[in-house]
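Please walk through this structure with me, one part at a time. The text below goes with the sequence and the coordinates.

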Amino acid sequence: MEQQQKKESKQSEKPQYIRAYAAMVLSRTLDKKIVSAQRQGRVGFYTPTMGQEALQVGVSMALEKEDLVYGYYRDVPMMLHRGVPIETIINQIMGNSADTAKGRQMPSHYTSKALHFMSVQSPVASNLPLAAGAAYALKYRQKKNVVVTTFGDGATSTPDFHAGMNLAAVFKLPLVFVCENNGWAISLPVERQTPVEISLKASAYGMPGVKADGMNFVEMYKVARAAIQDARAGKGPTLIDALSYRMGPHSTSDDPTKYRKDDVKEGSEKDPLVIGEKLLISMDYADDKLLEKIRNEAVKTVDERFDACEKIPPPDPITAFQDVYKNMTWMLEEEVKDIL
Amino acid sequence: MTSKTMNMVQALNSGLDNLMAADDRIILLGEDIGTDGGVFRVTDGLLAKYGAERVLDTPLVEVGIVGMAIGMAVQGLRPIPEIQFQDFIYTAMDQIINQMAKIRYRSGGEYECPMVLRTPYGAGVKGGLYHSQSGESYFAHTAGLTVVTPSSPYDAKGLLISASKGEDPVIFLEPKRLYRAGKQEVPEDIYKIPIGKAELVQSGDDVTIITYGAMVPTVMDTVKKNNLNADVLDLRTLVPVDKDAIMLSVQKTGRVVIVHEAPRTGGFGGEISAMITERGIDFLYAPILRVTGPDSPIPYRMEEYYVPNERRILNAVRKVLESA
Ligand SMILES: Cc1ncc(C[n+]2csc(CCOP(=O)(O)OP(=O)(O)O)c2C)c(N)n1
Ligand SMILES: [Mg+2]
């Protein structure tokens, strides 16, 4: 009986885990492509996500289709895992006419209403109170869905973090806070951001706070699944401190050699992708050949899609002035006439 | 006094260095200003030189940075906090409007808040909605704040030093598009450029063009390229604005164009225009025209359509010149 169950769970688990790994690889491949394109002047700016793939994919694995994500500028792995087309990411980076937000936002500020990924703002942590409002709306409508909100370790210093956490706890909202604790807020190490472990902050709001190994997607999945189940069951919010590492610079404008020695190298045993590969092999879900195939496919996909997206023309200039209000004001109409 | 060619970043850095060397009450605080030297490098090297007690790498909390600086100022220090991008200063607006600006007034003049809040502002670096805004009007609208914005390396340093030696809080808006746009001879020692005084960048008889910050070079290029016989006034201080310089020029030309990058509605141009008509409608031969950013957020890819350019400035100048 038990044997049978284990076998069944293994049968559904295997493709799930392989898919998770594939999303991580796709994200990493895209990440590197964008960074190198930026160096060649083909992309204006980018915030790499390298090192945060496992934690994001782990969270995404625990989500249902209609759950909402109020994320931030480093959430490409999660978006790809949720099924956001890779073109959505690339077109946003390019700011071309196929971009959902019509080239208005700086790169790394994605939107996908279709896959319930709220459009990203730059000001750190201001998505948290919004996530509380979104969770309230779900609860009010008696939906069985939850909201996940993501943010960095730096975000925990802001008033919006406090506001979001407190509101979620007071109203017992179906909301999971995922701190993508990559150890750095630009040049500030997390120890200088806050003298306590981030998971401990949860107790001040009366919600559970858990630490998770964000470099291990299976571990992360299990922690996220428990928190999301609680939220779905009406037990209120949880804070997850997803311990990870920002393997790249803060952004393509940042020079980390000014403030740190790079201590997690790509391909090293701390790399979340390497950890993922070892897990899959140890579980007998994959062999080197399969992993190799996944990696090769990712390179092919990224190269093809990137080149195709790059050919898409820029948006029509008029679109830069639309969507300020539902209808354009007379002031803006007058100004646009002068400009175009 | 020895001088050196500097861009605006270097000039500001030199000004901060002079101030810190001369006065141990000067404290710098902000995000990434220490080890990293600031994301624009304005505070580069100052941590090494003055130590972590005087150059504070703070946690990510603008409202805390500003509030803490106010507390320092009230207790006799002379803080110069940095907000990494002006767009993020909005999370500190309560401290700025309800504390910083009102300390002197609400304490019957017993307490004061001498400090300089530095922040890069404006478009032109492909920063999109949240790394490009020009919010000078929000500050100009708050009594108790002095609002300063330089347009050259030389002015940046001189104004920063004056701002830091004043008795009231100053919002010091650094046009980031000009940070590395050009170099100039800048004295290595302390010097001051007075707050509240505009600069007549070039003098002419036909029209007065009033501008400030990053638009100054654009206006000057337009004037030179098209041989305009214009007075060009760089306000340098928005509050208190140099009414005398403005009125003197308006009396001479009778025609005014105001150029700024911030959106038109509620923009500082409206204030100047009202001031001129209140004091001197009889001098005017033509309606005052504004060339500004549009009433929309600042787009990433289409940014060049947002910032006022030569064509738009020239159109406005021609229009006021054609008016009878
Ligand atoms: C309110 C606010 N202040 C400052 C910034 C500039 N800034 C952008 S990202 C960042 C660091 C964020 O660190 P963290 O929250 O740890 O996220 P990470 O970038 O490490 O993923 C800073 C200071 C900002 N975007 N918003
Ligand atoms: Mg971080």
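Domain bounds are taken from an automatic or database domain assignment. The model is predicted, so local features need pLDDT of at least 70 and side-chain atom pairs count only at pLDDT 80 or more, while totals for chains, interfaces and linings use all residues. Residues are numbered from 1 along each chain as its sequence is written, chains are lettered from A and ligands numbered from 1 in the order in which they are written, and side-chain values use heavy atoms, with hydrogens and water left out.

Chain B is divided into domain 1 (3-187) and domain 2 (199-322). Their centres, taken over C-alpha atoms, are separated by 26 Å. The contact (heavy atoms within 4.5 Å) takes 27 residues from domain 1 of chain B and 28 residues from domain 2 of chain B.

On a 1 Å grid over the protein atoms alone, a cavity is a set of points where a 1.4 Å probe fits but cannot get out; a pocket is an open set with protein on both sides within 12 Å along at least five of seven lines; lining residues have an atom within 4 Å of a point. Grid points are joined across faces, edges and corners, and a volume is the space filled by probe spheres set on the points. By this account the structure holds two cavities of 30 Å³ or more.

The largest cavity has about 80 Å³ of space. Domain 1 (3-187) and domain 2 (199-322) of chain B both give residues to its lining, so this cavity lies between them. Among the lining residues are Tyr121(B), Ser134(B), Glu136(B), Tyr212(B), Met215(B), His260(B) and Glu261(B). Helices (H or I, at least four residues) and strands (E, at least two) are DSSP runs, numbered from the N terminus. Strand β13(B) gives the most to this lining, with three residues. For residue classes, Ala, Val, Leu, Ile, Met, Phe, Trp, Tyr, Cys and Pro count as nonpolar, Asp, Glu, Lys and Arg as charged, and the others, Gly among them, as polar. The lining of the largest cavity has six nonpolar, four polar and two charged residues.

The second largest pocket has a volume of about 670 Å³. It is lined by 31 residues, and the closest to its centre are Ser134(B), Ser137(B), Tyr138(B), Thr265(B) and Gly266(B). Two or more lining residues come from each of α6 (136-140), β12 (237-239), β13 (256-263) and α10 (268-280) of chain B. Of the elements, α10(B) gives the most, with five residues. The lining divides into 16 nonpolar, 11 polar and four charged residues. At least three residues are drawn from each of domain 1 (3-187) and domain 2 (199-322) of chain B.

Chain B also has an open sheet of five strands in the order β9-β11-β10-β13-β14, with mixed pairing; two strands pair if DSSP finds at least two bridges between them. At the edges stand β9 (199-202) and β14 (289-293) of chain B, each with a single partner strand, so one side of each is left without a neighbour in the sheet. β9(B) pairs with β11 (residues 230-234) of chain B in the antiparallel sense over three bridges, and Leu200(B) stands opposite Leu233(B) in β11(B).

Most residues other than glycine have a negative phi, and most peptide bonds are trans. The bond from Val239(B) to Pro240(B) is cis, with omega near -5 degrees. Pro240(B) is found in the loop between β12 and α9 (243-253) of chain B.

In chain A, five strands form an open sheet in the order β1-β2-β3-β7-β6, with parallel pairing. The edge strands, each pairing on one side only, are β1 (68-70) and β6 (209-213) of chain A. Six bridges join β3 (residues 175-181) of chain A to β7 (residues 238-243) of chain A, and Cys179(A) stands opposite Asp241(A) in β7(A).

The second largest cavity has a volume of about 60 Å³. Tyr72(A), Gln121(A), Asn127(A) and Phe151(A) are among its lining residues, and β2(A) gives the largest share of the lining, three residues. By class, the lining has six nonpolar, five polar and no charged residues.
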